[in-house]
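Let's take a walk through this structure together. Have a look at it first, and then we'll start inside and work our way out to where the chains meet.

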Amino acid sequence: MRRFTSVSLYGLLCVLLIAAAQGQWIDAYVQIIIMFIGINIILSTSLNLINGYMGEFSVGHAGFMAVGAYITSVLNVWFFTSSKVFGPPLLTPSSAVYLFPVTLLLGGVGAALVGLLVAVPSFRTRGDYLAIITLAVNYIVKSSIENIQAIGGARGFMGMQNTVNSMKESWNLPWALVWVLVMVGATIWTIYRFVNSTYGKGIIAVRDDEIAAEIMSVDTQRMKLVAFMLSSGLAGIAGGLFAHVLGYINPGTFTIMKSTEVLVMVYLGGMGSLSGSVLSAIALTLVLELFRPLQVAKWVVVPLLLILLMLFRPEGFLGHRELSDVFPRLRRWFSPQERQS
Amino acid sequence: MDLQSFFQNLLNALQWGSFYALIALGYTLVYGVLLLINFAHGDIFMVGAYISFFIATFFLGQYAFALPMALPNTAIFAITLVLTMMITAGFGVTLERVAYRPLRRKGASRLYVVITALMCGLILENGNLALLGANRRSFPELLNNTVHVIGGVSVSSVKILVIITTIVVFLLLETIVRKTKLGMAMRAISYDRMAVPLMGIPVDTVIVFTFALGSSMAALAGVLFATAYPVLEPYMGALVGWKAFIAAVLGGIGEIRGAFVGGFLLGFVEIFVAAFFPSTLRDLIAFSILLIFLSVKPTGIFGVARTTKI
């Protein structure tokens, strides 16, 4: 029974949220906040795989997000809506309901392939030099999108709202919220299972000591490849969701600022802590939203809070620990056999 | 491209590269000593430019309390330069004192210090935006910029000033780091953090000196940048800062020579890409070259791979 506690609790939460959104109990603003929290959770947990579990320093997460966002949006607009760019829909708009997850995954796959740009140099490069490579990839992606005029260039790309609407016409559900919740669950489950598996522990071995890991027959190159591609693929999915929540994307959204925001979430939550990343994604999104009335001063107050946090608790909320380590009683409710290490 | 426009671009590239080199220097100095990427450095450059703006306008008598006598513009430029470098150096040291040193004392992981640096940069940018508003400020013209045309290539005096200053600064810093006792201490700290305090070297003093040196170089770049491109805005340091960081890494971070060569190289790439291709492709090609270069030679031009003992 215990094995299914977390899954069923999350399922219950999702059903409640969707029902609340469907029954108009929570207004559109709250729904958007919830969706942003979900997207930020995907971004922070996937970046934590690189920065926390593998111990590399990636500062270009927004680049992968941009790839996913653009691939998913272009496919959806092309297939399911009539737009100025691509003309009439290629498929019937009603099939959007079934094919949306496919396009989302294709966006993730595309982002994972771009992740190769980082993964391959990471075989030879470490630390600060790899940080530059991730930074360069972020700029390359942003700059490439700006130069492709067919998808709007620097002006941005829109029309995703029509896809969401046509999904709503076939089945009257808040589809954007549904898919955000599904993907958040899938991401957390994937990363949790991955880092707790024998295979995935190779990533932690790479962080602790790459040479020793190599000697102990961990295929470090393969581990890096898997970690970078998984992380960037998940970021791509988050990007696809982001595009459909907002309905408009432009390359200016996916700058180093966005990457920094995700980076902050990871370090706030604590490196190598999945529950920390989730908590900090929720907390930071809410804090940023609460401080919205402060306007510009928001970006002074929030970094200041983070610096204070770094001074007094440099390892973040939960550095290298999970919620179940801090509150051992929680373990009674969740699968005990998976955390024997 | 004919010879004439080649030399014109070469000159532009030298000037553009000079700014990158001067800022990259601050990254590389701090990294060489502390192994810390000081991401706030681009914004220290911005702060330097703003400080110089206020000093220059003060001496030009644009505020309520003017000086009794009017100074010649060149004198104002010299005073502005020196004062800005001093104040910005103090600023950089304060930043180190307030934000980085407590973390270092605690023995926090390097990456947390990097995050703190990123946050400091954000505070500087947005604090400036909140305090001074979003309107751009134009830097007063202190040096009369004479343009000589030599063989069809227009050579402005500001460009020459920027390039010569950068080369002088490079020679000066090489001397400081290679020849003086303080420079030896700086190299020693990066070589072995544990042994240096045991030898009676005051680590904190050396670090303060490093920050002062790096920040004053950023201030120098700020004043020169504001003279060459007289528009100031709060985010001017962000992109230039990141690119200067890339220049530092390209040259091999931690190496003074590397920062200069990397800075000039990035300047050349950017200017010549813009000369041959549409200028929107500038960032794309510049960063692609960087990516390929680092994939082939992961430690930069002058960087030496640190060997690990097993």
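What you're looking at is a predicted model, where local features need pLDDT of at least 70 and side-chain atom pairs count only at pLDDT 80 or more, while totals for chains, interfaces and linings use all residues. Residues are numbered from 1 along each chain as its sequence is written, chains are lettered from A and ligands numbered from 1 in the order in which they are written, and side-chain values use heavy atoms, leaving out hydrogens and water.

(Helices are DSSP runs of H or I, at least four residues, numbered from the N terminus.)

In total, the structure holds two cavities of 30 Å³ or more. A cavity is a set of points, on a 1 Å grid over the protein atoms alone, where a 1.4 Å probe fits but cannot get out, and lining residues have an atom within 4 Å of a point. Grid points are joined across faces, edges and corners, and a volume is the space filled by probe spheres set on the points.

The largest cavity has a volume of about 80 Å³. Both chains show up in its lining, which includes A:Trp299, A:Glu261, B:Met119 and B:Leu122. Helix 11, helix 12 (274-290) and helix 13 of chain A, plus helix 4 (110-132) of chain B, each supply at least two of the lining residues.

Now for the meeting of the chains. The contact (heavy atoms within 4.5 Å) takes 37 residues from chain A and 47 from chain B. About 3,900 Å² is buried between them, with carbon and sulfur atoms giving 78%; buried area is the accessible area (1.4 Å probe) that two parts lose on being put together, summed over both. In chain A, A:Asp128, A:Tyr129 and A:Tyr139 lose the most area to chain B.

How values were computed. On a 1 Å grid over the protein atoms alone, a cavity is a set of points where a 1.4 Å probe fits but cannot get out, and a pocket is an open set with protein on both sides within 12 Å along at least five of seven lines; lining residues have an atom within 4 Å of a point.
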